[in-house]
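Open your viewer and get ready to select a few residues as we go.

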Amino acid sequence: MEVFTRWHSWDTVRAEIAASGAPIDVDALGTAVAAAQRWHGDQKRPTGAPYVEHLLEALEVLVRGAGVTTPAVLTAAILHDVVEDTPATLPDVEAEFGPEVTELVDWVTKPPTAGAGRQAKRAAKAAYLRRLGDAPPEAIQVKLADRVSNVQTLDKMPPDFQRRYYAETLTYIVPLTEPHPWFKSWYASWRTEYTHLL
C-alpha cells in the first residue's frame with residue numbers, strides 16, 4: 001500500500017510538480033494553499049501536525065497517485081475543509097476561486113448537525129456520506145483523496161476510532177471508487193492492510 005506523506009511543505013510540492021513536468025499551474029495552486037493557510041490558521045490534525053499537511057497530502061494523492069491535473073479538482077482538494085472547519089463561507093470561496101471550485105467544495109462539506117449528541121452527529125454524517133453517491137466525478141475524486149490522507153495512517157489513531165472509521169470507509173467510501181480505477185486499486189490494498197479491524 002503506497003503512503004502519501006512526502007508533500008508536507010509548499011516548497012516540496014512546488015519542486016516535485018515542476019520536476020514531474022505535469023501540466024499544473026503551480027502559481028494558482030500556491031494561491032489556494034495560501035488561502036487555506038490563512039483560513040485554517042493554527043489548526044492541528046488529531047496527531048498534532050499542522051492541518052495544512054492533510055490538505056497537501058490530499059493534493060499529493062491526486063497528483064502523484066491518481067495522476068489528476070484538473071485545476072478545479074486540485075484547488076478544491078486544498079480548500080475542501082475550509083467551509084466545514086473555518087469561518088470561511090461558500091461565497092468567500094467563490095469570490096476567490098470561482099463557481100466550479102466552490103461547487104466541488106460544497107459537495108464535500110458536511111452540513112451542520114441538526115441535533116445535539118453523538119447519535120445526531122453520526123446520523124448527519126451517514127446522510128452526508130450517502131449523498132456523495134450523487135456527486136459529480138470531480139467531487140468524488142476530492143473526497144477519495146481526502147479519505148486516503150485520513151486512512152493511510154489509521155494505525156496511529158485510537159483502536160475504537162480505527163474500527164469505526166474502517167467500517168465507515170468500507171460502507172460509504174469504497175463503493176465510490178468503482179469508476180475511478182486508481183482509487184479502486186489503492187483502497188483494495190488499504191482494505192487488505194487493515195483487514196484485522198473487521
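**First stop: helix α7**

Contact here means heavy atoms within 4.5 Å, and helices are DSSP runs (H or I, at least four residues) numbered from the N terminus. This is a predicted model, where local features need pLDDT of at least 70, side-chain atom pairs count only at pLDDT 80 or more, and totals for chains, interfaces and linings use all residues. Residues are numbered from 1 along each chain as its sequence is written, and side-chain values use heavy atoms, leaving out hydrogens and water.

Now colour A126, Y128 and L129, which are buried in α7 (under 20% relative accessible area, with exposed over 50% and partly exposed in between; 1.4 Å probe, protein chains only). Seen down the axis of α7, its buried residues fall within an arc of 160 degrees, so they line one face of the helix; the arc is that of the directions from the helix axis to the C-beta atoms. Turn to the face away from the buried side, and you will find the exposed residues Q119 and R130.

**Second stop: T102**

Select T102 in helix α6 (residues 90-107). Is T102 buried or exposed? T102 is buried, with a relative accessible area of 7%. Not counting residues up to four places away in sequence, T102 touches L90, V93 and E94.

**Last stop: the lining of the largest pocket**

Return to α7, which gives the most to this lining, with 8 residues.

Definitions and conventions
Helix = DSSP H or I, 4+ residues; strand = E, 2+ residues; numbered from the N terminus.
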